[in-house]
Amino acid sequence: MIYPILTAGIFVLDSAVKYFADKRLDEHTKHPRFFGLLTLEKYYNRGAALGFLSGRPKLLRGLQAVLMFAVAAAYGFLLRLPGKPLAKTGMALLAGGGASNFLDRCTRGYVVDYFHLNIGPKRFRRVIYNISDLCIFIGSVLTVFGAEE
């Protein structure tokens, strides 16, 4: 079954890149890459997306725990169904990315973000992401569209 392998792969990849970024990058120092389209920059995100609930770490951990439990339950249910490859891929991305960020939040008290994209609207250029964040976003979209398969 490929989906749990994808989940584990995302978790391991993002955890390894976070470790590298945490050890090798200075916080708030920009390192442009790929002709300036991507910039590496370490940031310790103590909140959820865009700093949401950064002042309430226990509440944020509790909410994330509940969400991860719900994702795991839905993912386990979905894996037992025939077909639905788009939804299963989406849930694999969502579970792997969510687990990596949740582990960070529980062990460090923050999530290590390490890149931003220099394309699109200015407000999105300022946001610093990690691979898990992208997997969570893409996984959510795929899961919603895959539910209609």
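Helix α1 (residues 2-24) and helix α3 (residues 85-107) pack against each other at an angle of about 35°, and their axes lie 8 Å apart. The model is a predicted one, in which local features need pLDDT of at least 70 and side-chain atom pairs count only at pLDDT 80 or more, while totals for chains, interfaces and linings use all residues. Residues are numbered from 1 along each chain as its sequence is written, and side-chain values use heavy atoms, with hydrogens and water left out.

**The helix pair**

- Two packed helices are described by the angle between their axes and the distance between the axes.
- Here an axis is a line fitted to C-alpha atoms, for helices over the stretch in contact, and angles run from 0 to 180 degrees between N-to-C directions.
- The crossing of α1 and α3 is right-handed, a term used when the near helix is turned clockwise from the far one by less than a right angle.
- The residues of this contact comprise 10 nonpolar, seven polar and four charged ones, where Ala, Val, Leu, Ile, Met, Phe, Trp, Tyr, Cys and Pro count as nonpolar, Asp, Glu, Lys and Arg as charged, and the others, Gly among them, as polar.

**The whole chain**

- Five helices and three strands make up the secondary structure of the protein chain, and from the N terminus on they follow the order α-β-β-α-α-β-α-α; helices (H or I, at least four residues) and strands (E, at least two) are DSSP runs, numbered from the N terminus.
- The radius of gyration of the protein chain is 16 Å, which agrees with the value near 15 Å that a compact globule of 149 residues would have; this radius is taken over C-alpha atoms, and the globule rule is 2.2 Å times the number of residues to the power 0.38.
- Of the 149 residues, 36% count as buried, meaning under 20% relative accessible area, with exposed meaning over 50% and partly exposed in between (1.4 Å probe, protein chains only).

- Phe 115 belongs to strand β3 (residues 111-117) and counts as buried because its relative accessibility is 6%.
- Although Phe 115 and Ile 128 are 13 residues apart along the chain, their C-alpha atoms are separated by 5.3 Å.
- Leaving aside neighbours within four places in sequence, Phe 115 is in contact (heavy atoms within 4.5 Å) with residues including Leu 38, Leu 40, Val 127, Ile 128 and Leu 134.
- Lys 88, in helix α3, is also buried, with a relative accessible area of 7%.
- With neighbours within four places in sequence again left aside, the contacts of Lys 88 include Tyr 3, Tyr 75, Leu 78 and Pro 82.
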